[in-house]
Amino acid sequence: MGWSGVHRRSLEWISKSRDAAKAWVVANDEQGNAQIGVPHDAYTGTPSQADIRKAVLWGNLLAGGAGVEYYFGYSLPHSDLTCQDFRSRSNMWSYNRHAHAFMTQWVPFWKMDNHNELIGNDNDGNQAFCLAEPGSTYVIYIADGQADPIDLDLQDYDRSFELRWYNPRTGGSLQTGSVPALEGPGLHSIGQPPAQPDQDWVALITVGPEGCPPAGTPCDDGDPATENDAEDGFCNCTGTDPNAQTAFWLEAECARVGGRWRI
C-alpha cells in the first residue's frame with residue numbers, strides 16, 4: 001500500500017480484527033509505490049527516509065501496530081531484487097533502532113491502544129498520533145513542528161503527570177521541554193520540545209511517581225509467561241520473558257543460500 005496511508009490502514013485492521021474478537025498482530029510490509037519503496041540514504045526525492053520514519057514506522061507503532069518490514073523499490077540502486085549492501089539504508093536502521101529502544105525501554109505498549117481523539121486528531125491524519133493507556137501512560141508523536149502546541153485531554157484523571165521528550169532522529173535519553181508536568185483532569189498543552197521544534201519529536205507522559213509503589217517492588221503483571229515482575233516506579237508492573245529470542249527474518253525472493261542460513 002502507499003506509504004502515506006500506513007497509520008489509517010493499520011488502525012483499520014487492528015480495529016476490525018478486535019471487533020471480530022480475533023485480534024491481529026498488524027505490521028506494515030512493502031510500502032509503495034513499487035518503484036521507490038524505502039529509498040537508499042542518498043535519495044533526495046519523495047518519499048524521503050524522513051517521510052518513511054514519520055508516516056510508516058511511527059505511524060504503524062502508534063496505531064498499536066507491531067512494526068515494519070521494509071521494501072526496497074525496484075527503480076533504485078540496491079533494489080528488492082538486487083540489493084548487495086544493506087548499508088545503503090543505514091540511516092533507516094538507526095531510525096528503527098531508536099524507535100525500538102524507546103518502545104521497549106519506556107513504554108508498556110502491550111497495555112496501550114491508539115487514542116488519537118485525545119489530541120484532537122479525530123480524522124487519524126499524519127500530523128500527530130497518540131498511543132495511550134488513559135490515566136497512566138501517553139505517547140504522542142508529532143511529525144512536524146506546529147505553531148500551536150498540542151493539547152492532551154487527560155479526561156477525568158485527577159493526577160500529576162511527568163512530561164518528557166524523545167528524539168526519534170538521534171535517539172538518546174529522555175529530555176525535558178517547556179512543560180515538565182501536567183495536572184489532570186482536563187485539557188492541557190504539552191508545550192514545546194527541548195530543541196528544534198520544527199522537527200519530529202515524541203512526547204512521553206506518565207503518571208507521576210507520587211502514590212506509585214517504588215521501582216523494584218515485586219508485583220504480578222498478569223502474564224504467567226514472565227518472571228521477575230516488578231514495579232517501574234510509575235505504576236507499571238512489568239516482567240521479563242525468559243524464553244524471548246532475537247531473530248532476523250528476510251523475505252528472499254531471489255537468492256543463493258549460503259551455509260549459515262536457515263530456510
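At what angle do the axes of helix 1 and helix 2 cross?

**Entry 1: the helix pair.** I worked from a predicted model. I looked up helix 1, residues 6–19, and helix 2, residues 49–61, and found that their axes cross at roughly 25° and come within 8 Å. Angles under 35 degrees count as roughly parallel, so I recorded helix 1 as roughly parallel to helix 2. I noted the crossing of helix 1 past helix 2 as right-handed.

I then asked which residues of the two helices meet. On the side of helix 1 I listed Val6, His7 and Ser10, and on the side of helix 2 Ala55, Val56, Gly59 and Asn60. Sorted by class, this contact holds three nonpolar and four polar residues, with no charged ones.

**Entry 2: the cavity.** I searched the whole structure for cavities of 30 Å³ or more and found one. The space in the largest cavity is about 90 Å³. Its lining consists of 14 residues, and those closest to its centre are Ile142, Gly145, Gln146, Gln192 and Pro193. I counted seven nonpolar, five polar and two charged residues in the lining of this cavity.

**Entry 3: the second largest pocket.** I recorded about 530 Å³ of space in the second largest pocket. Of its 20 lining residues, I found Thr104, Val107, Pro108, Trp110 and Thr238 closest to the centre. Which elements give two or more residues to this lining? I noted helix 3 (90–106), strand 10 (201–207) and strand 12 (237–240).

Methods:
Residues are numbered from 1 along each chain as its sequence is written. This is a predicted model: local features need pLDDT of at least 70, side-chain atom pairs count only at pLDDT 80 or more; totals for chains, interfaces and linings use all residues. Side-chain values use heavy atoms; hydrogens and water are left out. On a 1 Å grid over the protein atoms alone, a cavity is a set of points where a 1.4 Å probe fits but cannot get out, and a pocket is an open set with protein on both sides within 12 Å along at least five of seven lines; lining residues have an atom within 4 Å of a point. Grid points are joined across faces, edges and corners, and a volume is the space filled by probe spheres set on the points. Ala, Val, Leu, Ile, Met, Phe, Trp, Tyr, Cys and Pro count as nonpolar, Asp, Glu, Lys and Arg as charged, and the others, Gly among them, as polar. Axes are lines fitted to C-alpha atoms, for helices over the stretch in contact, and angles run from 0 to 180 degrees between N-to-C directions. Helices (H or I, at least four residues) and strands (E, at least two) are DSSP runs, numbered from the N terminus. Angles under 35 degrees count as roughly parallel, over 145 as roughly antiparallel, 65 to 115 as roughly perpendicular and the rest as oblique. A crossing is left-handed if the near helix is turned anticlockwise from the far one by less than a right angle, and right-handed if clockwise. Contact means heavy atoms within 4.5 Å.
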